[in-house]
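Reader: I'm new to reading protein structures. Could you walk me through one, giving the general idea before each case?

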Amino acid sequence: MIVDSRSIPHGSRIEADLCIVGAGAAGISIARRFAGTSTRVVVLESGGEAFEATTQDLSRGENVGLPYFPLDTARLRWLGGTTNHWGGICRPMDPEDFESKAWIPNSGWPIAERDLESYYEPARVMCGVSSGDWGLETWRQRDRFKPLPVRGDRLDTRIAQIVSPEARSFRITHRAGIQAARNVVLQCHANVTEIETNSEGTLATLFHVATLDGNRYTVAARQGVLAAGGIENPRILLASNRQWHEGVGNRNDLVGRFFLEHPRFVGGVLVPFDRRLSVGLYDHHKVGAVRLLGYLGLKQATRDQEQLVDVQMSLHPTLAGSFQRSAESEDMKALHALVPALRQGHIHQLGGHLARVAEDLTSWQALLIPGAPLPAPFPEVVGKLMRSTPFEAQALIPDLMGDIAARGYAKKFGAPIESILLRTRINAVPNPDSRVTLGDDRDPLGIPRVRLDWRLTSLDRHSVRRSLEVLGSEVGRAGLGRVRVMLDDHDGPWPEDLAGGWHHMGTTRMADDPRWGVVDRNCRVHGIRNLYIAGSSVFPTAGSGTPTLTIVALALRLADHLKGLLA
Ligand SMILES: Cc1cc2nc3c(=O)[nH]c(=O)nc-3n(C[C@H](O)[C@H](O)[C@H](O)COP(=O)(O)OP(=O)(O)OC[C@H]3O[C@@H](n4cnc5c(N)ncnc54)[C@H](O)[C@@H]3O)c2cc1C
C-alpha cells in the first residue's frame, strides 16, 4: 500500500517489524521480498510518485575533491530512486572482485561470489535484465558482431546487458506489487532526519521523520534498514549526532570514508589500419531481444602479474567526416528527442521534431528530377557517383540519403572509421581519504548538506596506462592498428573529461572487523543489533561490473537474513 506521510497525524509513533529507509532499487527489492508475509513493513521514502524540485533539492551538496557531477543531479529523490533515470547497464561482479590483493590497499570482501550466486537470478528478474547468460561464448555464436581479433592470453572481451528503457524504473515495474502488498506500507514524502538509539548505542530505537510541509512523527521497528543510496546512507548516520557526536555507527571514524566511483575518461586512441574494422560488439546492439554491450579488459593473470587494478576499455569509433557529422546532426537529435516524447505521450513536443525527422527522411527527393514520369536522379548526381571510388561513394551516403538513413546504414552495414576513442573505466582503489562528510550548509529540514571529496590514487592512473599499453601491443601484434596512450604516468592532473559513472560506493563498507568496516558480512552496522544497510555504500570495492544488479542481489540476501530474525 502506498500512502502520503503528510496526512499521518503529527507527533504519532508508528510501530513496525521492519522499517526500510528509501524506496530505490535496494529498498524496493527488500520490501517486495517481504510482500505477502506476516511481517509489518514500513518503507519511508523521501519523494513522491512524481519528480518534485523541492524534494530533489534536499540532495544538493558540495564537491571539494576531483570534479564531479552536481550532487543533486547524480541521484534521484522520488519513488524508485535513481532507477528513474539510470542507464540500465548490468553485469554481476566477477568472483575475483571479492578477493583481496596484496598490492591493492583495502581490497577484498568478507563474502565471496558464492554467497551471492543464488541471488543474482532473482536480482536479474527484479531489474528486468533479459538473460541470465553473461559469458561471451554463448553470445559469440549468435551475435553478428565479433570480438576484436586479438590474442586472448592477455586481453578478454566481457559482455554487459542493458535493460530496455521501459523496464528500467523500479517505480513503474514494482509499484503494483508494493501497492497490492497488505503488509507493506510505503510512506511517500517521508524524510528520515535522524536515527535514535538506546543509551548504550546498541539498538536503533526510533526513525525520526519530517515532511517538507512541517509534519513530524517517528517509526519504531524491531529491525531497520538504511537504503537511501551511497551518499545519503552515510549522511543520515553522520547527521544522527545528537546522542553521538561522531554520528551513529561511526565509532571508528569510517562512515563516509572510502567513497568509490567508476572513474571514466578517454585514455587513448586506436587508429585502425582497416577503416572497416568491426567494433559493433562494443557498441549498444541487440541479439534477438537482448541488448548487449561489450568491452575489453586485461585478464586476471596479467593484472596479477603486473599488479594492476581492473580497467575496462570501451571502444567509441569516430566515423569518417560525413557520417560523423550525420551522427551528431540536428536531425538525429530531433529523432532522439522524438522517440521518448512519443513513448511518454508528450504530444506538445512532437510537432517540431516530427517535421525535422520527416524532412530528413525525404531529403533524397531533392536529388530527383521533379515531375519525371519515373523517379530519376539529376544527371550531376549520377555523374558524381560514377566518378567516385567505392570508398568515396560510401562517404556520399549521408548527403544522398539524409542523416537519419545514413545513421541507420552505418549501424547496419558499417561506415568508414577515422579513429576509435578508448574510454577507460577503473575499478578504483579503495581510498580512506576519498570521502563524504557533512558540510556547513543545512537543507530546509535542518540536516547538514553533504560535502564530497572524491580522490583517486597513483595505482589507478598507472593501471589505466598499462592496460592501454597492453591493448596497444596486442592490437599492433594482430596487425589491426596503432594505439596512442594519452594519459601520462606522473601524478599530474587527471584528464579534463574525467567523470564518474554515477555509482556511489564504499561509504559504509563491509568488513568482519569493525576497525575496517561499518557493516558486517550480513550488512548489519557493527555494534548495533538491529540496524542494517542496503545499497552500494556497503561495497568494499567497486568491482568490474556495474553496481545495481549486485545492490539488488545483496538486498535480497539481506531480506532473507531479516526474515530469519523476524520469523
Ligand atoms: C544517470 C545515471 C545512470 C546510471 N546508470 C547505471 C547503469 O547503467 N548501471 C548501474 O548498475 N547503475 C547505474 N546507475 C546507478 C544506479 O542508479 C544506482 O546504483 C541505484 O539506483 C542505487 O540504488 P539504491 O536503492 O541504493 O539508491 P537509489 O536508487 O538512489 O534510491 C534511494 C532512495 O532513497 C530515498 N532517500 C534518500 N534519502 C532519504 C531520506 N533521508 N529519507 C527517506 N528516503 C530517502 C531517495 O528518495 C531514493 O528513492 C546510474 C545512475 C545515474 C544517476
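Author: The strands themselves are DSSP runs of E with at least two residues, while helices are runs of H or I with at least four, and both are numbered from the N terminus. Keep in mind that this is a predicted model, where local features need pLDDT of at least 70 and side-chain atom pairs count only at pLDDT 80 or more, whereas totals for chains, interfaces and linings use all residues. Residues are numbered from 1 along each chain as its sequence is written, and side-chain values use heavy atoms, with hydrogens and water left out.

Reader: Okay, so which strands does β11 join through bridges, and how many bridges are there to β15 and to β18?

Author: In general, strands of a sheet pair through backbone hydrogen bonds, either parallel or antiparallel. Here β11 runs antiparallel to β15 (residues 417–426), joined by six bridges. Five bridges link β11 to β18 (residues 481–485), again antiparallel. To find your place, look for R264 opposite R425 in β15, and for L270 opposite V483 in β18.

Reader: Is a residue buried or exposed, and how do I tell?

Author: Go by relative accessible area: under 20% is buried, over 50% is exposed, and in between is partly exposed (1.4 Å probe, protein chains only). Of the 567 residues in this protein, 55% count as buried. Strand β11 (residues 264–272) has seven of its nine residues buried, so the rest of the structure largely encloses it.

Reader: What is the strand order in the open sheet of three strands?

Author: The order is β4-β17-β16, and the pairing is mixed. β4 (61–63) and β16 (435–442) are at the edges with a single partner strand each, so one side of each has no neighbour in the sheet. On average, neighbouring strands here are turned by 30° against each other, direction ignored. β16 and β17 (residues 448–453) pair antiparallel over five bridges, and R435 has D453 in β17 as its bridge partner.

Reader: Now helices. How do α1 and α5 cross?

Author: Draw an axis, which is a line fitted to C-alpha atoms (for helices, over the stretch in contact), then take the angle between N-to-C directions, from 0 to 180 degrees. The axes of α1 (residues 25–34) and α5 (residues 170–180) come within 10 Å and cross at roughly 25°. That makes the two helices roughly parallel, a label for angles under 35 degrees; over 145 is roughly antiparallel, 65 to 115 roughly perpendicular and the rest oblique.

Reader: Which residues of α1 and α5 meet?

Author: Contact means heavy atoms within 4.5 Å. From α1, A25, I28, S29, A31 and R32 meet F170, T173, H174, G177 and I178 of α5.

Reader: What does Y120 touch?

Author: Leaving out residues up to four places away in sequence, Y120 touches P92, M93, L549, T550 and A553. Y120 sits in helix α3 (residues 113–127) and is buried, at 9% relative accessible area.

Reader: Last one: which residues have a positive phi without being glycine?

Author: Most residues other than glycine have a negative phi. N106, though, has a phi near 60°, and H189 has one of about 60°. N106 is in the loop between β5 (89–90) and α3, and at 26% relative accessibility N106 is partly exposed. H189 lies in the loop between β7 (184–188) and β8 (191–197), and H189 is buried at 9%.

Conventions. Pairing = 2+ DSSP bridges.
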